[in-house]
Every structure is written in C-alpha cells, then in structure tokens.
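The following exercises concern a single protein chain.

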Amino acid sequence: MAESTGWVFKPDVPTAISVDTEDEFLSNTELYEAVLSSIQDGISVLKPDFKIIYVNKSMLHWYPGEDNVLGQKCYEVFHGRTEPCVCCPTIRAVRTAAPQMDLVPYTTDGEDSGWQKLYAVPVLDKNGHVVLVIEYIRDITFQKRVETNMNELAELYENLEAQNDMLMEILNQRERYKEDLEQTITQNVEKYIRPSLNYLKKNVKERDLNIVAGLIDEIVYPITKKRPSVFDRLSPRELQVCTMIKEGYTSKEIADALFITKKTVDYHRSSIRKKLGLQNENLRVYLETHL
C-alpha cells in the first residue's frame with residue numbers, strides 16, 4: 001500500500017464546470033465530487049450501521065482491489081474484520097452525536113501497514129439523531145515512524161550520555177589515583193633518596209654522585225615534570241648525556257661512564273643541539289640554564 005507521503009495522486013477532475021446560476025453552482029454534485037476526489041486524504045461517508053455510501057479516490061488508492069465498496073461495512077472492507085474496531089472513533093461519534101478523533105492502525109492482507117488519524121463527524125437530522133458519519137482520514141505512518149525514530153535516538157543519546165558520565169568518572173578516578181601516586185613518589189624521593197645522596201657525598205666522588213643524582217632525576221621526571229617541554233623531544237640516553245654535560249663532563253668521561261664510545265657521545269651531542277634548535281650557543285651553558 002502506498003503512503004500519502006511521496007506519491008502524486010491525479011484525480012479525474014473536469015477541466016471546467018459550467019453552471020448558469022449561483023444556486024446551481026452550490027447544488028452541483030459534479031463540483032462536490034471533483035473537490036472530494038482531488039483531496040489526497042481519505043474521505044468516506046457511512047451510515048450509523050457502518051455501511052459505506054461514499055468513498056473518494058484516495059480511499060480506493062489506499063485499498064486497491066476494493067472498487068465495489070458501496071453498501072459494505074467499513075470494518076469488513078478496510079480492516080478485514082467481522083465486527084467494528086475497538087478503537088473506532090465512528091462508534092463514539094454515533095453514540096455521542098459529537099465529533100471524535102483517534103489514531104488507528106490499518107492493515108493490508110492481514111498485516112499492519114501503518115497508522116491513520118481518523119476524524120469522525122456525525123451528521124444529525126432535525127431531531128438530533130445521527131443519520132450519517134463523515135470520516136476524514138489522514139495517513140500519518142511517516143510521521144509515526146519519524147516520531148518513533150526520534151524517540152529511539154533520544155533514548156540512545158541518553159544512554160550515551162550516561163556512558164560518557166561513567167567514563168568521565170572513571171577517568172577522574174584514575175587522574176586522582178595518578179596524582180596521589182605522583183605525590184607519594186615525590187615525597188619518598190625527597191624523604192629517602194635525597195638524604196641518602198647527601199650521606200654518600202662523604203664517601204663518593206661528587207662528580208660520580210652527580211651522575212647518580214641525574215639518573216634519579218630522569219627517573220622521577222615524568223612525575224615531577226620540572227623542566228621545559230622542549231626536552232621531551234630527547235631520548236632517555238640523550239637526557240643522560242645532557243645531565244652529564246650540564247655537570248661539566250667531557251665527551252670521553254661521558255663515554256667511559258656510560259660504557260659507550262666517544263664517537264657515540266659526539267653523535268648524541270649533535271642530535272641534542274638539533275632537537276633543541278641550538279646553533280652557535282654553548283650547549284653546557286644552555287643546559288645549566290634550562291635543564
């Protein structure tokens with residue numbers, strides 16, 4: 001069954017209607033038939049016992065193969081039922097003699113095809129009795145699907161927000177744990193390692209002790225982060241070389257201490273100058289100032 005959204009219905013409307021007087025125009029059934037047939041929403045006229053006495057072209061388009069519907073019960077023709085629909089607003093319109101509206105499902109070949117908004121307007125005689133009911137039917141399947149999809153998206157968004165809040169809380173907990181750990185390590189370095197180094201100064205050469213102190217600084221740097229970020233470009237070995245250059249060691253002394261060749265130390269010096277963007281500056285002076 002085609003939905004009312006997206007299809008173009010071309011009714012058999014006359015190109016012109018000729019009348020002689022205004023009264024004839026107002027009573028011209030051809031005019032009313034043309035107007036009703038041109039409306040893309042469904043229109044049907046029922047007797048109080050639900051027998052169909054009129055349907056427009058849109059109704060026949062929604063229910064193909066049901067050309068001979070006049071005189072039949074609406075629930076038999078349109079819904080394949082043997083009794084009126086439970087939620088039918090036409091039942092209420094007949095009972096209350098007042099307009100009614102409801103959302104009703106419609107089916108094709110016994111399967112749900114979509115949703116319709118059905119307005120039931122009673123036609124009363126002079127005594128206030130219902131003699132006819134005009135049904136105005138609008139296909140809202142597309143709107144219902146959009147509404148359902150929007151609700152599903154809203155629910156998905158809420159779930160994602162909840163998951164995001166949970167992840168943020170986990171990250172915050174990890175950050176707090178990291179900060180606590182950093183603080184503990186920093187305090188332990190100052191409390192235990194620094195005093196031990198000061199004690200060793202009495203029995204170990206100062207320059208050798210400075211090497212050990214520099215290595216300890218490199219170990220705890222990721223926690224303390226006390227130097228400029230430009231040094232993050234250097235490798236761990238280059239940072240070791242920088243520490244010893246800063247302490248005044250020659251390339252040969254650095255090579256002997258680190259068990260590498262002097263040529264390797266000179267290579268590290270060149271790489272360090274390049275990464276730090278140094279040209280003619282004194283490397284030791286720069287490291288004493290910035291490292």
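Helices and strands are here DSSP runs, numbered from the N terminus, with a strand needing at least two residues in state E. The model is a predicted one.

**Exercise 1. Describe the chain as a whole: its secondary structure, its burial and its surface.**

Solution. Begin with the secondary structure: the protein chain contains 11 helices and five strands. Next, consider burial: of the 291 residues, 30% are buried.

**Exercise 2. Determine which residues form the nonpolar patch on the surface, and which element supplies its largest share.**

Solution. First, list the members: Met101, Leu103, Trp115, Tyr119, Val121 and Ile134. Together these residues have about 470 Å² of accessible area. Second, assign the patch to elements: β3 (100-108) and β4 (111-124) each contribute at least two residues. Third, identify the largest share, which is the three residues from β4.

**Exercise 3. Classify Met101 and Ser44 as buried, partly exposed or exposed.**

Solution. Start with Met101, a residue of strand β3. The relative accessibility of Met101 is 39%. Buried requires a value under 20% and exposed a value over 50%, with partly exposed in between. Met101 is therefore partly exposed.

Continue with Ser44, which lies in strand β1 (residues 42-46). Because its relative accessibility is 0%, Ser44 counts as buried. To see what surrounds Ser44, set aside its neighbours within four places in sequence; the residues in contact with Ser44 are then Tyr54, Val55, Met59, Val133, Ile134, Glu135 and Ile137. One of these contacts, Ile134, is also a member of the nonpolar patch.

**Exercise 4. Characterise the second largest pocket by its volume, its lining and the elements that build the lining.**

Solution. First, state the volume of the second largest pocket, about 250 Å³. Second, examine the lining, which consists of 19 residues; His79, Cys85, Cys88, Val104 and Pro105 lie nearest the centre of the pocket. Third, name the elements that give two or more residues to this lining: α4 (74-79), β3, β4 and β5 (130-139).

Terms used
Residues are numbered from 1 along each chain as its sequence is written. This is a predicted model: local features need pLDDT of at least 70, side-chain atom pairs count only at pLDDT 80 or more; totals for chains, interfaces and linings use all residues. Side-chain values use heavy atoms; hydrogens and water are left out. Patches are made of residues with over 30% relative accessible area and no salt bridge: like charges are joined within 9 Å, nonpolar side chains (Val, Leu, Ile, Met, Phe, Trp, Tyr) within 5 Å. Accessible areas come from the Shrake-Rupley method with a 1.4 Å probe; for residues, only the protein chains shown count as cover. A salt bridge is a side-chain nitrogen of Lys or Arg within 4 Å of a carboxyl oxygen of Asp or Glu. Helices (H or I, at least four residues) and strands (E, at least two) are DSSP runs, numbered from the N terminus. Buried means under 20% relative accessible area, exposed over 50%, partly exposed in between (1.4 Å probe, protein chains only). Contact means heavy atoms within 4.5 Å. On a 1 Å grid over the protein atoms alone, a cavity is a set of points where a 1.4 Å probe fits but cannot get out, and a pocket is an open set with protein on both sides within 12 Å along at least five of seven lines; lining residues have an atom within 4 Å of a point. Grid points are joined across faces, edges and corners, and a volume is the space filled by probe spheres set on the points.
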